[in-house]
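Colleague: I have the model open here. Pick one contact and start from there.

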Amino acid sequence: MGVYEEVRVAEWCMLTPSEETPRHGLWLTPIDLSWASTGHTPTVHLYRSDSGGAVDGFFDVARLKVALAKALVAFYPLAGRLGVDTGGRPQIDCAGQGVLFVVAHSALTVDELSSFQPSPELKRLFVPRVEEYSPSLMCGVQVNFLKCGGVALGVAMHHIAVDAIGAFHFFRTWSAFCRDGDAAATALERPCHDRTLLRARSPPVIHSDALTLFCPPKEQQPPSEEPKPSPGAVANQIFTLSKDQVAALKRACSSGASTFCAVSAHVWRCVCAARQLPPDATARLIFPANVRGSLRPPLPDSYFGNGIIMLSVTGKVQDITSGEQLDSVACRIRGAIRRMDDEMVRSAIDYMEIAGSQSQTDAPTGSVPPETDLRVVSWKGTLVYGTDFGWGKPLVVLRAEQPRAGIAYLIDGADGSMRVLLSAEPATVNGLQHLLYANI
């Protein structure tokens, strides 16, 4: 990424909700607790100034603060702190303590940043260092003014509080208040904070088929009795599939697969081939599934919390890479999604309650996920490009850092394209340069 000039922090504060908010301990669901050790998710939203230089009023700090304070009234858990209840169970202590708000300046430009990949440097410079202020913070934002007049908006949001769907609901609310003022309130959907909707059953009941679909947290990590290898080098690369290429992948799936199923199947096949795995090895695809519509009755679309569980599908490498058509691989994924009904979701929640707090996505520090595993995380449908604060939509939205190999993020492009942010072994990333685009 080249040599970075340090970012200069101009000011910081704890920004509190503009009105009184509920003061209580917010109970966390078994799904929430399964994401506890993931910590804060770092993202960067890059905005270009049409003027090509610094302009008064572009990303006006006072306007951003007023809008954020208004958004925090409805999204008050983000202004809380991670704590524990009297029984030692983690909860969010909601008392309007505030969100970390940082203003900084950098000599870099939008053009220099727009093609950059996730890296520790990108996170270090443009994402607020919430751990230095308080690791119990739920959210921090950093407005970075660039030399060209553009802005890099860095956000750190604790995964125990909310998933990507809820996070982008918050971003859209904040940006709407900034863009439209108080008039935005009538059009905005208020978040649902009733997390008891995802409470475990008493007594818990785990369906006999649940563990063939749901990927338990402990099975996403190497067995504890095995030696834990040191993490190797991780390469991050963004691949872009054009709108036409995405359409071609969907056409190749005669069964009418969704965009997620078609693209995930294609990426899984290509990664297995690029890794040159043994033909008789068992490959596994792990992916988060939104459970909001799977429950009966379904959760409100505006449910604010973690409404995702990890599913998995497996297959012999030789079948995934060459023995099956793309359509067959996509059908494996679609079959897992279709099996996720109310009973399967409830069984997964009951399992998590019994198993206790374990991360669903991150292996323990110092360990390496099996090379036969690939995790695909979809931000499709989260409207990542809907965060228009009044100065235009973001040019780029991406995760700032992904320190472990074997993860691919699928992110909608503003023009109907699909951005695949892959973190993998350097040789795998190099091999994917050709494989991903061949025969589309």
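**Salt bridges, sheets and surface**

Modeller: Arginine 292 and aspartate 163 form a salt bridge through their side chains, at 3.1 Å from N to O. A salt bridge here is a side-chain nitrogen of Lys or Arg within 4 Å of a carboxyl oxygen of Asp or Glu.

Colleague: Where do arginine 292 and aspartate 163 lie in the chain?

Modeller: Arginine 292 is in the loop between β10 and β11 (308–316), and aspartate 163 is in the loop between β8 (151–158) and α6 (164–180). The two are 129 residues apart, and the pair links distant parts of the chain. Helices (H or I, at least four residues) and strands (E, at least two) are DSSP runs, numbered from the N terminus.

Colleague: And what should I know about the model itself?

Modeller: It is a predicted model: local features need pLDDT of at least 70 and side-chain atom pairs count only at pLDDT 80 or more, while totals for chains, interfaces and linings use all residues. Residues are numbered from 1 along each chain as its sequence is written, and side-chain values use heavy atoms, with hydrogens and water left out.

Colleague: Back to that pair. Is arginine 292 buried or exposed?

Modeller: Both arginine 292 and aspartate 163 are buried. Buried means under 20% relative accessible area, exposed over 50% and partly exposed in between, with a 1.4 Å probe and protein chains only.

Colleague: How many salt bridges are there in the whole structure?

Modeller: A search finds 17. One of them joins arginine 346 to aspartate 342, at 3.8 Å from N to O. Both sit in helix α11 (residues 342–355), and because they are four residues apart there, about one helical turn separates them. Arginine 346 is buried, with 16% relative accessible area, whereas aspartate 342 is partly exposed at 22%.

Colleague: What about glutamate 132, which residue is its partner?

Modeller: Arginine 129, with 3.9 Å from N to O. Glutamate 132 has a relative accessible area of 61%, so it counts as exposed. Arginine 129 is partly exposed, at 36%.

Colleague: New topic. How many helices and strands does the protein have?

Modeller: Twelve helices and 15 strands. The radius of gyration, taken over C-alpha atoms, is 22 Å, close to the 22 Å from the globule rule for 440 residues, so the protein is as compact as a globular protein of that length. That rule is 2.2 Å times the number of residues to the power 0.38. Along the principal axes, the C-alpha atoms fill a box of roughly 60 × 55 × 45 Å. Of the 440 residues, 57% count as buried.

Colleague: Now the sheets. What is the order of the six-strand one?

Modeller: It is β9-β15-β14-β12-β10-β11, an open sheet with mixed pairing. At its edges are β9 (235–241) and β11, each pairing on one side only. Two strands pair if DSSP finds at least two bridges between them.

Colleague: How covered is β12?

Modeller: Mostly: β12 (residues 373–378) has five of its six residues buried. It pairs in the parallel sense with β10 (residues 282–290) over three bridges, and there arginine 375 of β12 is the bridge partner of isoleucine 286. β12 also runs parallel to β14 (residues 407–412), joined by four bridges. In that pairing, valine 376 is opposite alanine 408 of β14, and valine 377 has tyrosine 409 as its bridge partner.

Colleague: And the three-strand sheet, parallel or antiparallel?

Modeller: Antiparallel, as an open sheet in the order β2-β5-β4. β2 (24–27) and β4 (81–84) are the edge strands with a single partner each, so one side of each has no neighbour in the sheet. β4 pairs with β5 (residues 90–94) over four bridges, and arginine 81 stands opposite aspartate 93 in β5.

Colleague: Last one. Which residues form the nonpolar surface patch?

Modeller: Val9, Trp12, Met14 and Tyr133, together with about 370 Å² of accessible area. Patches take residues with over 30% relative accessible area and no salt bridge, joining like charges within 9 Å and nonpolar side chains (Val, Leu, Ile, Met, Phe, Trp, Tyr) within 5 Å. Areas are Shrake-Rupley values with a 1.4 Å probe, and for residues only the protein chains shown count as cover. Strand β1 (residues 8–15) gives the most to this patch, with three residues. Tyrosine 133 belongs to helix α5 (residues 130–133) and is partly exposed, at 33%.
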